[in-house]
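Me: I would like to learn how to read packing and backbone features in a model. Can we go through them one by one?

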Amino acid sequence: MNIKKAVFISFIAMIAMAKGLYAQDKPDPNFEIYLLMGQSNMAGRGPITDANRDEHNDRVLMFTKDKQWVVAKHPVHFDKSVAGVGPGLTFGIEMEKANPKVKIGLVPCAVGGTPIEHWLPGAYDEATKTHPWDDAEERIKAAMKYGTIKGVIWHQGESNSGGEKPKIYLAQLTDLIKRIRALVGNPNLPFIAGELGRYRPVYANINAELIKLPVAVPYTGVASSEGLVHRGDTTHFDSPSAQELGRRYAVKMLQVQKSVKK
């Protein structure tokens with residue numbers, strides 16, 4: 001290797017380290033990572049307007065499809081071409097505000113349209129040609145090399161809200177939480193579920209089960225969907241509602257994190 005090439009490589013490495021994107025021997029304790037999981041309302045389907053197109057915080061990063069850290073902007077997810085404004089970015093910005101001494105990392109794992117039974121190891125989602133749990137597991141393991149997993153925000157249930165499915169939803173969700181905690185090596189990892197929109201009556205079936213979560217599983221919480229509205233399709237939150245849900249996720253996450261430290 002000639003001197004010029006060596007100097008160039010060193011220069012690039014220094015820039016990467018300055019941005020906090022350089023792979024280190026040990027995870028950075030000041031890089032707090034959150035997992036964004038679920039289906040389309042976590043991925044975000046709110047229209048990206050001029051008002052929120054450039055919304056960002058230089059200390060809030062997202063893990064791209066190619067497993068690279070970049071400054072987070074809408075859309076955070078890439079599950080479908082219709083990905084738009086979701087709760088993730090606002091959540092990340094609020095978490096950074098609460099602790100400006102750290103960087104925040106967001107790992108998008110949500111896949112639109114996926115029922116919770118497709119979040120099992122080996123399960124395949126035909127509609128999206130993905131393995132939701134397996135793909136998320138791979139991304140989580142890669143992200144953990146850079147920082148510390150501090151919590152999960154989850155929004156899913158629209159696909160499980162009808163028929164007899166809600167009756168077993170809490171048990172399925174409990175199993176999912178156990179698997180995530182085992183994967184990251186933290187049995188007390190905070191987990192916040194978001195209520196489904198209250199604009200469709202059938203969604204109340206899942207919300208009734210989510211209310212039971214904090215009692216059933218330690219160090220969990222539920223972010224309310226009260227007052228949030230859809231974008232016109234009675235399924236997906238509009239952009240302001242998705243952002244407000246992100247703020248509510250942050251409030252609950254901080255509450256649960258404080259309870260873990262006691």
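Me: Where is His 236 found?
Reply: Helices (H or I, at least four residues) and strands (E, at least two) are DSSP runs, numbered from the N terminus. His 236 is in the loop between strand 7 and helix 8. This is a predicted model: local features need pLDDT of at least 70, side-chain atom pairs count only at pLDDT 80 or more, and totals for chains, interfaces and linings use all residues. Residues are numbered from 1 along each chain as its sequence is written, and side-chain values use heavy atoms, with hydrogens and water left out.

Me: Is His 236 buried or exposed?
Reply: Buried means under 20% relative accessible area, exposed over 50%, partly exposed in between (1.4 Å probe, protein chains only). His 236 has 12% relative accessibility, so it counts as buried.

Me: What is His 236 in contact with, leaving aside neighbours within four places in sequence?
Reply: Contact means heavy atoms within 4.5 Å. On that basis, and with neighbours within four places set aside, His 236 touches Ser 40, Asn 41, Arg 45, Tyr 199, Val 229, His 230 and Arg 231. Take Asn 41: 195 residues separate it from His 236 along the chain, yet their C-alpha atoms are 5.9 Å apart.

Me: At what angle do helix 3 and helix 8 pack?
Reply: Axes are lines fitted to C-alpha atoms, for helices over the stretch in contact, and angles run from 0 to 180 degrees between N-to-C directions. Helix 3 (residues 88–98) meets helix 8 (residues 239–261) at about 40°, with the axes 7 Å apart. Angles under 35 degrees count as roughly parallel, over 145 as roughly antiparallel, 65 to 115 as roughly perpendicular and the rest as oblique. Helix 3 is therefore oblique to helix 8. Their crossing is right-handed; that term applies if the near helix is turned clockwise from the far one by less than a right angle, left-handed if anticlockwise.

Me: Which residues of helix 3 make the contact?
Reply: Thr 90, Phe 91, Glu 94, Met 95 and Ala 98 do. Their partners on helix 8 include Gln 243, Tyr 249 and Met 253. For classes, Ala, Val, Leu, Ile, Met, Phe, Trp, Tyr, Cys and Pro count as nonpolar, Asp, Glu, Lys and Arg as charged, and the others, Gly among them, as polar. The contact of helix 3 with helix 8 has seven nonpolar, four polar and two charged residues.

Me: What covers the buried residues of helix 8?
Reply: The cover includes strand 1 (31–38), helix 2 (40–43), helix 3 and strand 5 (148–155). Among the buried residues of helix 8 are Ser 239, Leu 245 and Val 256.

Me: How do helix 4 and helix 5 cross?
Reply: Helix 4 (residues 132–143) and helix 5 (residues 169–184) cross at roughly 30°, and their axes come within 11 Å. That angle makes helix 4 roughly parallel to helix 5. Helix 4 contributes Trp 133, Glu 137, Ile 140 and Lys 141 to the contact. By class, there are six nonpolar, no polar and three charged residues.

Me: Which peptide bond is cis?
Reply: The one from His 74 to Pro 75, with omega near -5°. Pro 75 sits in the loop between strand 3 and helix 3.

Me: What is the phi of Lys 67?
Reply: Positive, about 60°, although Lys 67 is not a glycine. Lys 67 lies in the loop between strand 2 and strand 3. Its relative accessibility is 26%, so Lys 67 counts as partly exposed.
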